[in-house]
Amino acid sequence: MRTVIAGGHGKIALLLADLLTRRGDEVVALIRNPDHAADVTAVGAEPVLLDLEHADSADLLATVKGSDAVVFAAGAGAGSGADRKYTVDRDGSVRLADTAERAGVRRFVQISTMGAGQPPAPGSDEVWAAYIDAKTQAENDLRERDLAWTILRPGRLVDSAGTGLVTLAAPRVPRGDIARADVAAVLAELLPATHTAGATLELVSGDTAISRAVAELADRAASDGAAPLAD
């Protein structure tokens, strides 16, 4: 597979790129800072200097065209204000999804967050409320598109070593932590798993091996009498 990852220098993105390139996939990582190119190259991916907020549409289309899949892993990040939650976490996803449609790239995996799809908790600060709202709007936009999309909502991200054991299911999964390494491993399994197209999934640490957790999503669909979704 040739996969384009937006937010290519993020922690999860670098871990994912390493997993994909080690199994022989081609990875293109979109970055905003040229100083990050060496880190991307070190995990076997191709860095492309392209800012989703400001890039020329033709350049973005040329980069995405010919790929097998796109992963939206970008985010405004800690310390950013409410406005950038919308311009990056929402508008960046919308722009990338629109580009994927125009490029004919149907597989689209979006990293969202637990809490999306619901109003922010009462008393939430302005930036957190904007983040949840932006992720919710990005999800809603993606669901309306003619793409083989999967939305992944991780729990609270931690930098501990991955365990390879998770709880992965449709909402609502009880809140919990999840290692970034395990999020990356789940993404690597989801990319070729076309039976997860059209699914919104929540992810926390658990007791099921990642490969089995992804496979069980097809088992559950079959037991419910629904055919697995494919692109």
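The largest nonpolar core has 37 residues. Those with the most contacts inside this core are Leu16, Leu152, Val166, Leu168, Val186, Leu187 and Leu203. The model is predicted. Another core, of 25 residues, lies apart from the largest one.

**What builds the largest core**
- Helices that give two or more residues to this core are α1 (11–22), α6 (180–190) and α7 (210–223).
- Strands that do so are β2 (26–31), β4 (69–72), β5 (107–111), β9 (165–169) and β11 (199–205).
- The largest share, 7 residues, comes from α6.

**The other core**
- Among the 25 residues of this core are Val4, Leu52, Leu147 and Trp149.

**Helix α6**
- Of the 11 residues of α6, 9 are buried, so the helix is largely enclosed by the rest of the structure.
- Val186 and Leu187 are among the residues with the most contacts inside the largest core.

**The aromatic pair**
- The count comes to 1 aromatic pair.
- Trp128 and Tyr131 form this pair, with ring centres 5.4 Å apart.
- An α-helix has 3.6 residues a turn, so residues three or four places apart point the same way.
- Trp128 is partly exposed, with a relative accessible area of 38%.

Methods: Residues are numbered from 1 along each chain as its sequence is written. This is a predicted model: local features need pLDDT of at least 70, side-chain atom pairs count only at pLDDT 80 or more; totals for chains, interfaces and linings use all residues. Side-chain values use heavy atoms; hydrogens and water are left out. A nonpolar core is a set of buried Ala, Val, Leu, Ile, Met, Phe, Trp, Tyr and Cys residues joined through side-chain atoms within 4.5 Å. Buried means under 20% relative accessible area, exposed over 50%, partly exposed in between (1.4 Å probe, protein chains only). Helices (H or I, at least four residues) and strands (E, at least two) are DSSP runs, numbered from the N terminus. Rings of Phe, Tyr and Trp (its six-membered ring) pair if their centres lie within 6.5 Å; planes under 30 degrees apart count as stacked, over 60 as edge-to-face and the rest as tilted.
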